[in-house]
Amino acid sequence: MNPAGSLLSADNLHKSYGSTPALDGASFSIHPGEVVAVMGPSGSGKSTLLHCLAGIVTPDSGTITYAGRELSAMSDAERSALRRNEFGFVFQFGQLVPELTCVENVALPLRLSGTGRKDAERTARHWLERLEVDTVGAKRPGEVSGGQGQRVAVARALAASPKVVFADEPTGALDSLNGERVMELLTEAARSTNAAVVLVTHEARVAAYSDRDVTVRDGRARDPEHAV
Ligand SMILES: Nc1ncnc2c1ncn2[C@@H]1O[C@H](COP(=O)(O)OP(=O)(O)OP(=O)(O)O)[C@@H](O)[C@H]1O
Ligand SMILES: [Mg+2]
């Protein structure tokens, strides 16, 4: 089922890797502009849930609905267009392209969805400024600090105005001061553009930036908003 008003929802997902169940009846939903923290112990299925919601991993059973459409009913090309045009991603270690400058990294999602280089780089510079790292625009990721790199990764996730930002332990590699500032900037930026954020974290201080929490245990997400 698809809870009323939700932008993205998952219903009763199951996913196993060989004999290891990663998801065992997980349900989840998020509204436009909402920031939801997905919490739970290591190995409980948080990243698997995020990857399923983002259309990166296909569940063995269960349904995922984005803006009224089931992901499983889309072709691979449609799902990758969805990821490119509607979703933004931030991972634990940023995962920037090492050969590109920071401006080029942030401009990349825009370039991939057809924006010209000049416009894409102008938007990229704007986002680097908002994340307070405009000074590193011309550097390559190997030449910036961990905290700066993670801000660049957040700028990249937001630059193409996604409807949903998926963040998997986005501050896991940062000290607490840097982590909190990145969370502040990420949630502020998401709220100002009405992007929903699926935020995987095991840190309570990171979850404090969310509107609500969903706990995953043994592959089961307990989402009180997802009425069954
Ligand atoms: N690609 C994979 N191949 C095999 N097993 C996997 C794979 N991905 C996840 N698993 C297994 O599925 C279960 C859930 O993993 P998942 O990565 O979703 O947990 P997590 O909650 O994100 O953990 P962490 O907090 O450590 O990142 C674990 O038992 C894990 O070993
Ligand atoms: Mg994980």
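Against which helices do the buried residues of H3 pack?

## Basis of the model

This is a predicted model, in which local features need pLDDT of at least 70, side-chain atom pairs count only at pLDDT 80 or more, and totals for chains, interfaces and linings use all residues. Residues are numbered from 1 along each chain as its sequence is written, chains are lettered from A and ligands numbered from 1 in the order in which they are written, and side-chain values use heavy atoms, with hydrogens and water left out.

## Helix H3

The buried residues of H3 pack against helix H4 (117-130) and helix H5 (146-159). Helices are DSSP runs of H or I with at least four residues, and strands are runs of E with at least two, numbered from the N terminus. Contact means heavy atoms within 4.5 Å.

H3 spans residues 102-112, and its buried residues include Cys-102, Val-106 and Leu-110. Buried means under 20% relative accessible area (1.4 Å probe, protein chains only). Just after H3, Gly-114 takes a positive phi of about 100°.

## Surroundings of ligand 1

The shell around ligand 1 includes Tyr-17, Pro-41 and Lys-46; a residue belongs to it if one of its heavy atoms lies within 4 Å. H1 gives the most to this shell, with three residues. The shell divides into three nonpolar, seven polar and one charged residue, with Gly counted as polar and Lys as charged.

## Polar contacts of ligand 1

A polar contact is a pair of N or O atoms within 3.5 Å. A backbone N or O atom of Gly-43 lies 2.8 Å from an oxygen atom of ligand 1, and a polar side-chain atom of Ser-47 lies 2.9 Å from an oxygen atom of the ligand.

Note on methods:
Buried < 20%, exposed > 50% of the residue type's maximum accessible area, 1.4 Å probe, protein only. Polar contact = N/O pair within 3.5 Å; in protein donor to acceptor, adjacent residues only side chain to side chain.
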